Amino acid sequence: MLFLHHRAPHGSVVAQEGLDAVLAAAAFDQNVTVAYLDDGVFQLVHGQDTSSIGIKNFTPAIRALAHYGVGQLLVEQESLSARGLARQDLVDATIETDETAARGPQVPLIRLVTRAELSALMEAQDVVLSF
C-alpha cells in the first residue's frame, strides 16, 4: 500500500488526514510505503511553528512512523529541488531495528528518490492512496 502525500501541511486538513490514514494502516500491520512529492515535501520541513495559525503541528508524529512499522519515507528529489529545499531542511528521523541496534548507527527514516524511481514504485503497487 503506497501513500502519496502531495499537499502542503497547512491550509487544509488533507495532510493531517493522510498521516492519520498511514498510522491506521500501519497499526493494522499493513505493508505501508509513504512518499512525499510536490508541495507534500513541506510536510517534512523541520522547525515548523504552527502556533500563530492555531493548528496542531503534526511533524513530531512523522518521527513516530518508524514505531508503527513504516520503514522509510520516500521524498522525491525533484520536488525538493523545485521548492529550493535540500535533505538537510527536512526532519531528522531514524529507525532503530534489531539489526541497527546491535551494530550502532541507526538508519535514516527519509530516503530521497528520483521521479523515475517513484513512478516505478507506483506501477508496482496494488493500492495507491493520494493525499
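Does Phe131 count as buried or exposed, and at what relative accessibility? Phe131 counts as buried, at 19% relative accessibility, which puts it just inside the buried class because the cut-off is under 20%. Keep in mind that this is a predicted model. The quick picture is a five-stranded open sheet with parallel pairing, a largest nonpolar core of 28 residues, and one aromatic pair.

**The sheet**

- Reading across the open sheet, the strand order is S6-S3-S2-S1-S7, with parallel pairing.
- From one strand to the next, the twist averages 25 degrees.
- S1 (residues 2–5) and S7 run parallel and are joined by three bridges.
- Within that pairing, Phe3 stands opposite Leu129 of S7.
- Helix H1 (residues 14–27) lies across S1 and S2 (33–36), and its direction makes an angle of about 165 degrees with S1.

**The nonpolar cores**

- In the largest core, with its 28 residues, Tyr36, Leu44, Leu65 and Leu73 have the most contacts inside it.
- H1, S2 and S3 (73–76) each supply at least two residues of this core.
- H1 gives the most, with seven residues.
- Take Leu65 as a worked case: leaving aside neighbours within four places in sequence, Leu65 is in contact with Leu19, Val22, Leu23, Tyr36, Val70 and Leu73.
- There's also a second, separate core of seven residues, and among them are Ala35, Leu74, Val113 and Leu118.

**The aromatic pair**

- The structure holds one aromatic pair.
- Its members are Phe3 and Phe131, which are stacked at 6.2 Å centre to centre with 15 degrees between the planes.
- The "stacked" label applies because planes under 30 degrees apart count as stacked.
- This pair links distant parts of the chain: Phe3 belongs to S1, Phe131 to the segment after S7, and they are 128 residues apart.
- Phe3 is buried, with a relative accessible area of 1%, and Phe131 also counts as buried, at 19%.

- Gln125 lies in the loop between H5 (115–124) and S7.
- Gln125 is buried, at a relative accessible area of 19%.

**Two loop aspartates with positive phi**

- Asp29 has a phi near 60 degrees, a positive value in a residue other than glycine.
- You'll find Asp29 in the loop between H1 and S2.
- Asp29 counts as exposed, at 71% relative accessibility.
- Asp38 isn't a glycine either, yet its phi is positive at about 50 degrees.
- Asp38 is in the loop between S2 and H2 (59–63).
- Asp38 is partly exposed, with a relative accessible area of 32%.

How values were computed:
Residues numbered from 1 in each chain as written. Predicted model: local features only at pLDDT ≥ 70, side-chain atom pairs only at ≥ 80, totals over all residues. Heavy atoms only, no water. Pairing = 2+ DSSP bridges. Helix = DSSP H or I, 4+ residues; strand = E, 2+ residues; numbered from the N terminus. Axes fitted to C-alpha atoms, helices over the stretch in contact; angles between N-to-C directions. Contact = heavy atoms within 4.5 Å. Core = buried A, V, L, I, M, F, W, Y, C linked by side-chain atoms within 4.5 Å. Buried < 20%, exposed > 50% of the residue type's maximum accessible area, 1.4 Å probe, protein only. Phe/Tyr/Trp six-rings, centres within 6.5 Å; stacked < 30°, edge-to-face > 60°.
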